[in-house]
Amino acid sequence: MDMRSDMKVWLLAALFWVSGLAASLPSAAQERVSLAFYNVENLYDTVPSAFYDDRDYTPGGRMGWGGERYGAKLRNLARVIDAMAPDVIGLAEVESERAVRELVMTLRTDYNYIHRTTGDYRGMDVALLYKGDKFIPERVRQVPSASGREFLYVRGELLGERVDLVICHLPSQFNVYGRRVASLARLYRFVDSLHRADPRARMVVAGDFNANPTDRAMRRAFRTGRRVADGSVFLFGPLYPMFRRGYGSYVYRDRWNLYDNFFLDNGFLSGDGWRYDRAGIFVREWMLSPGDAGRRGYPLRTFSSGAYTGGFSDHLPVFVELTR
C-alpha cells in the first residue's frame, strides 16, 4: 500500500467521523431512518456443529476459538453497531441463531432479530437486526440463490410504510464465476417479481455482493446506469459515486473494493413517503489497522495471515439514510 493510498484511507476515516456526527443531529422537521449492512467476518459461536466442519472455530481448534476470543469478537462488533446506531441492519457471516442472539445481548441498543439457517458449506448465515419501534416485520422468507447462501427476504412496516428488504451474501471471488452470475440473476428476478406484483412497493437490496458495482455481472444483473421501459424495476446504487472516488468497504490485493452495497428502487427518489437522503461507508479510526505499512489503514480483522489480531471484521459496514 503506497503513501497515497495510506493517506486516502485516513482521509476516509476523518470524512465519516464528521458525517457520523452530522447524522446524529437530524432536523426536527424531518423523520429520518438509517439502514445498514455489515459483513461481520466469521462470527462463529464456540459450539461444534454436527452439520458442517467448524472445528477451527472451537476452543480446541486451529483458531483457539474459546470464550475469551468469542466474547472479544462480540464486544468489538457491538462497539461498531452501537456507534452506527442504525434502525435496521443486515448481517452476513453469522454462524447461528445463538451467535446472533448473543451479539444482540452485547449491544447497548435494544434490537430484535431475524435469523435463518442457510445451506452454506461453512455454516455462514445472514440475519437482520431491527429496532422494534421503527420496523415491524410482516413476512419472512428464504429465497433460493443458485448457491448455498439463500437470500433473506423481509417485508415490513418502516414507521407505517411498507418496505421490502432483501439481504444477500453472494459467492466469493474464489468460487466459480458462473455461480455468482447465476445468483445475481436470481436476485434481480426475485426483486423484479416483487415490483411487478406491486409497483408501489419500496425495495431495498443490501449485502456482500463480492463484486464491485462496475463489474460486468453487476451491471447486467441490476441494469444500473440506465432506465428500462419494459416495466422492470429500476434499481440505483447510491454508493457508486464513492466507489468512483476510490473508496470501498473491503481491501483485496491492496485495492479498495465496494463489495458491500445497497441498491434501492427509484420510488425512493420521488413521490411521497420515504425518500433517499444519503449513503456512506461507516468507519472510525479504531476500526482500522494501525500495523505495519503493508496493512496500515485496512479494516482491522480478527485474524491476519493466521495470527490473532483481535479486530472487528475485514469489511467496513455501509449505510443509507431515508427521510420524509
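**Overview**

I counted six helices and 16 strands in the protein chain; helices (H or I, at least four residues) and strands (E, at least two) are DSSP runs, numbered from the N terminus. I note that this is a predicted model, in which local features need pLDDT of at least 70 and side-chain atom pairs count only at pLDDT 80 or more, while totals for chains, interfaces and linings use all residues. Residues are numbered from 1 along each chain as its sequence is written, and side-chain values use heavy atoms, with hydrogens and water left out.

I looked up burial for the 324 residues of the protein chain: 54% are buried (under 20% relative accessible area; exposed is over 50%, partly exposed in between; 1.4 Å probe, protein chains only). I then took the contacts (heavy atoms within 4.5 Å) with a separation of 6 or more, and 69% of them join residues 24 or more positions apart.

**α2 and α3**

I checked helix α2 (residues 67-84) against helix α3 (residues 97-106): their axes come within 9 Å and cross at roughly 60 degrees. Axes are lines fitted to C-alpha atoms, for helices over the stretch in contact, and angles run from 0 to 180 degrees between N-to-C directions. The two helices are therefore oblique to each other (under 35 degrees is roughly parallel, over 145 roughly antiparallel, 65 to 115 roughly perpendicular, the rest oblique).

I listed Tyr70, Leu74, Arg75, Leu77, Ala78 and Ile81 on the α2 side, meeting Arg98, Ala99, Glu102, Leu103 and Thr106 of α3. By class, the residues of this contact are seven nonpolar, one polar and three charged.

I compared the length of helix α4 (residues 177-197) with expectation: its 21 residues at 1.5 Å each should span 30 Å, and the end C-alpha atoms are 31 Å apart, which agrees. Among the buried residues of α4 are Leu184, Leu187 and Phe190. The buried residues of α4 pack against β5 (135-143), β6 (151-158), β7 (161-169), β8 (202-208), α5 (216-222) and β9 (235-236).

I found Cys168 in strand β7, and it counts as buried at 0% relative accessibility. Leaving aside neighbours within four places in sequence, Cys168 is in contact with residues including Leu187, Phe37 and Phe151. From Cys168 to Leu184 I read 9.8 Å, C-alpha to C-alpha, at 16 residues apart in sequence.

**Phe303**

I placed Phe303 in strand β14 (residues 303-304); Phe303 is buried, with a relative accessible area of 8%. Beyond neighbours within four places in sequence, Phe303 is in contact with Tyr57, Met63, Trp65, Arg69, Tyr308 and Thr309. Glu41 is 262 residues from Phe303 along the chain, with their C-alpha atoms separated by 9.8 Å.

Note on methods
Nonpolar A, V, L, I, M, F, W, Y, C, P; charged D, E, K, R; others polar. Expected span 1.5 Å × (residues − 1).
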